[in-house]
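Thanks for coming, everyone. Please have a look at the structure, and then I'll walk you through a few parts of it.

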Number of protein chains: 4
Amino acid sequence: MSAPEPRPIRSDIAWSTSDRVVVHGHDLPDDLLGKVGLGDFAYLVLFKTLPSPHESVVFNSLVVALVEHGLTPSALVSRLTALGAPESLQGAVAAGLLGLGDTFVGTIEGAAKICQSLPDDGWQRDEALLREHARTIVDGSRAARKSIPGLGHPVHKPNDPRAERLFEIAREQGFDDANERLFRAIRARAEDATGKVLPINATGAIGAIASTLGVPWDIARGLGVMARAIGLVGHVLEDRERPLAKPVWNDAEARSTSHRS
Amino acid sequence: MSAPEPRPIRSDIAWSTSDRVVVHGHDLPDDLLGKVGLGDFAYLVLFKTLPSPHESVVFNSLVVALVEHGLTPSALVSRLTALGAPESLQGAVAAGLLGLGDTFVGTIEGAAKICQSLPDDGWQRDEALLREHARTIVDGSRAARKSIPGLGHPVHKPNDPRAERLFEIAREQGFDDANERLFRAIRARAEDATGKVLPINATGAIGAIASTLGVPWDIARGLGVMARAIGLVGHVLEDRERPLAKPVWNDAEARSTSHRS
Amino acid sequence: MSAPEPRPIRSDIAWSTSDRVVVHGHDLPDDLLGKVGLGDFAYLVLFKTLPSPHESVVFNSLVVALVEHGLTPSALVSRLTALGAPESLQGAVAAGLLGLGDTFVGTIEGAAKICQSLPDDGWQRDEALLREHARTIVDGSRAARKSIPGLGHPVHKPNDPRAERLFEIAREQGFDDANERLFRAIRARAEDATGKVLPINATGAIGAIASTLGVPWDIARGLGVMARAIGLVGHVLEDRERPLAKPVWNDAEARSTSHRS
Amino acid sequence: MSAPEPRPIRSDIAWSTSDRVVVHGHDLPDDLLGKVGLGDFAYLVLFKTLPSPHESVVFNSLVVALVEHGLTPSALVSRLTALGAPESLQGAVAAGLLGLGDTFVGTIEGAAKICQSLPDDGWQRDEALLREHARTIVDGSRAARKSIPGLGHPVHKPNDPRAERLFEIAREQGFDDANERLFRAIRARAEDATGKVLPINATGAIGAIASTLGVPWDIARGLGVMARAIGLVGHVLEDRERPLAKPVWNDAEARSTSHRS
């Protein structure tokens, strides 16, 4: 049997000729390099258009807030992987990214989905309706025994200072605050229902504001992935200068089997 | 045997209290969010200090130039991985990053190593000495039958427009051009020796300019890793809208075993 | 603030002293090496006990059937990754494994979940009840517009020869065939309802038989992961001897942007 | 410009028709399933032929010895990754595999390279020549300040019981012991030169015996990758039953920044 005719394929992200490189319709060397920062270029990658100055401030603040969250499991993973494969920085960063799943960065997705799944009934301009939606969301989550993505933090109480500042930046830049008000109503309802202090955390604010910017919820996890890759390079670097992964591993190994020897 | 006492460990990248988050000594909510773009924050991650305005322009141009290189093997890998595991955007991006090894992004590392391995003999101010070093590098590579990292491109001839623009930006911002002149001398020597057109490519220019900025060569690969994570998110997005991975796979599968059926 | 006391941790998988290595209670050098094959050792890892001879035959056949599925997206991914990072075989295999998600190997999980989610009402010995469950499963999937995991194959029609042989092996080794009969009833109902030929495919049979062996459904994906790691090493090897990834990439790159140049 | 004609590609690993699946020339359902264990199938993947009974015993013992090495960095990485992305078992295993680089499993590669890089001068039958080669290898490594792959172990002294048993199995099965004798001579020379106890460790023995079986050194790392994928599934399982990653992370996070708060 002869090989079948290949099917047509097409990509419109980038193309080049001998003396040109074009990305999303912009000449890379002439119109982007030296003129556009990394955050604005990331916006171009997601939205296929460059941001306005207001969009740029807000988008950059969202991704900056996601780069570095301290010694997370992902940071430990990148450091431990570099211990075994020091020749492969890409492997160490990739390993760390693999932990950005449902538990951590997936909450951005969940928070964005909440904002983007509401009916188009004008709740943005109707506080009573907004509160009703908030009540439905909280009560539904409680009935299903699920936590609400974007609420709660073990350290930042009563408020997560990053979330508060991100909301403020979005307002300063003239963006509609409906998603912020929605999350504040969700928080109030959840605190009433549980008696706990449940701050809107950074991923909650990011999911809400990303929705305002127009990031589809099923892509929202990508903000965390692209930002954290930067932070994980930093953790591999610090581990070269001041080893942390090796003592953590050695201690864990010794302690986990000390009952046997 | 009782478990041993854990050894002290320490990280200085970030720390937080109930109402503060500090990254590399800067208050994240108050001093960074809304004020610092993603590229400058990446500079902070690498250098532990924020860039000057000149450093900012140059550093952002380097990483922007690395985000998107078209339908590379890495881009295909991320798209193919999303086909099998659509639930895991982090897995698709991580898979794509794993191809940023010795062949592609590793050439940044190689180019930077060339610049950073020269003796401290004042070659930066002595053209004859600079040309002598260039000759040694080229002749050594040819004797070892190795290609010179950062030289040559299948499409961009006689010059890679990205490399030329990046060098120009670095000069415009007032940076020393010694590493650029070194690479131009290496190129001239290599073209003389081989009779081929060997443009300084983007990774060559990035390795040279990153060295001028003070990026240690054994970290230089990290510039490509952090930048490409952004671009790979974009390829997964385009593949959702206009599937390319599936026809590429189907065609390859059908054609690769068509001699058997 | 002083560092808190570490919490106790414990692993019972393996431990060692200067002259002993013990895995799941067995002396590795004396009792396992040279006596136990890789498949039986994998069974030990999953079940914490070695298999009986019958369990060994069936378990080995399940994982053997998962090692190699031809030029899958995962195989292409491992080959493409090795192109960019030839220094990192572990990276190439890891990249390929990342595509073993919901679309492909996840169907083992789905098929196993079907078997393990039925009520404990004696359906295994009551054909009418079994058919009723099959009907509920098929009709529920159709109402939710979801495909049934483990049914259907683009090439193997009317039957997937691997699935048929795996069921036969399980019966030959004396295992209960209730899960096989359940899947045959599901198939019959689905074919009646759709008018299509819907063979039980390899992952369907594996999910069913793994359930009979006692593999919890939320671990069933692990069978595919451990087996496919072996197969992906083979694809990287073949690509070194007879390059396939490079022409696939070059063709895709040229064709995907040919409308622009 | 029209798209170019695709180049021919070919894979000979597997092919299928509606009622057949063939792997490396063997009918999978009829000739392999139920008859060949996972280890022998892995041998088929590497060597394109099934093993003899003697080869089978030795090969299975090598890969079995690599499955489980206790709470290694890779095991911690897989557990920590599952913490963040419990939905993606493939991601957790892939992350763990990424640490199988130069430091750990890469030593199999190094040990095999030693055996396979010696000149074809009959050293296998000439003890004086063998000792001379051992001396050259040790003295060369010491002059280059490099450790010798396959020698030394922090716990197993004076001998690694896995290595000793693996060598014994290879002899029992009738294989030439030249590579074993070479490594014993290397050990003796290294101990003389350093005054330290330097057992041949498991990866050293595996590299030596794999060379005897005919595994090319630049593939030897693949033995570790395929085996460890199995072991890492086991670690993710244990972490679900008895969480270890979470306390390790929590402790590391608290302790690493306790100097700041």
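Across the interface of chain A and chain B, the rule finds six salt bridges. Keep in mind that this is a predicted model. One bridge to look at pairs K48(B) with E241(A). Their closest N and O atoms are 2.5 Å apart. Polar contacts cross here too: 23 residue pairs between chain A and chain B, both residues at pLDDT 80 or more.

Which element of chain A gives the most to the side that touches chain B? Helix 11, residues 221-241, with 13 residues. What is that side of chain A made of? It divides into 44 nonpolar, 22 polar and 22 charged residues.

Now the extent of the contact. Chain A puts in 88 residues, and chain B puts in 88 residues. The area buried between chain A and chain B is about 7,500 Å². Carbon and sulfur atoms give 69% of that area.

Next, chain D. Go to helix 5, residues 89-97.

The search of the whole structure finds 88. Here are three of them.

In chain A, R131(A) meets E127(A) at 3.9 Å, N to O. Both lie in helix 7, residues 127-143, four residues apart, about one turn of the helix. An α-helix has 3.6 residues a turn, so residues three or four places apart point the same way. E127(A) is partly exposed, at 35% relative accessible area.

In chain C, D160(C) and R162(C) meet at 2.8 Å, N to O. Buried or exposed? D160(C) counts as buried, at 0% relative accessibility. R162(C) counts as buried as well, at 6%.

In chain D, E180(D) meets R171(D), at 2.8 Å, N to O. E180(D) is buried, at 8%, whereas R171(D) is partly exposed, at 37%.

One last item. Salt bridges that share partners join E87(A), D102(D), E109(D) and R221(D) into one network.

Key. Residues numbered from 1 in each chain as written. Chains lettered and ligands numbered in written order. Predicted model: local features only at pLDDT ≥ 70, side-chain atom pairs only at ≥ 80, totals over all residues. Heavy atoms only, no water. Contact = heavy atoms within 4.5 Å. Buried area = accessible area lost by both parts, 1.4 Å probe. Salt bridge = Lys/Arg side-chain N within 4 Å of Asp/Glu carboxyl O. Polar contact = N/O pair within 3.5 Å; in protein donor to acceptor, adjacent residues only side chain to side chain. Helix = DSSP H or I, 4+ residues; strand = E, 2+ residues; numbered from the N terminus. Nonpolar A, V, L, I, M, F, W, Y, C, P; charged D, E, K, R; others polar. Buried < 20%, exposed > 50% of the residue type's maximum accessible area, 1.4 Å probe, protein only.
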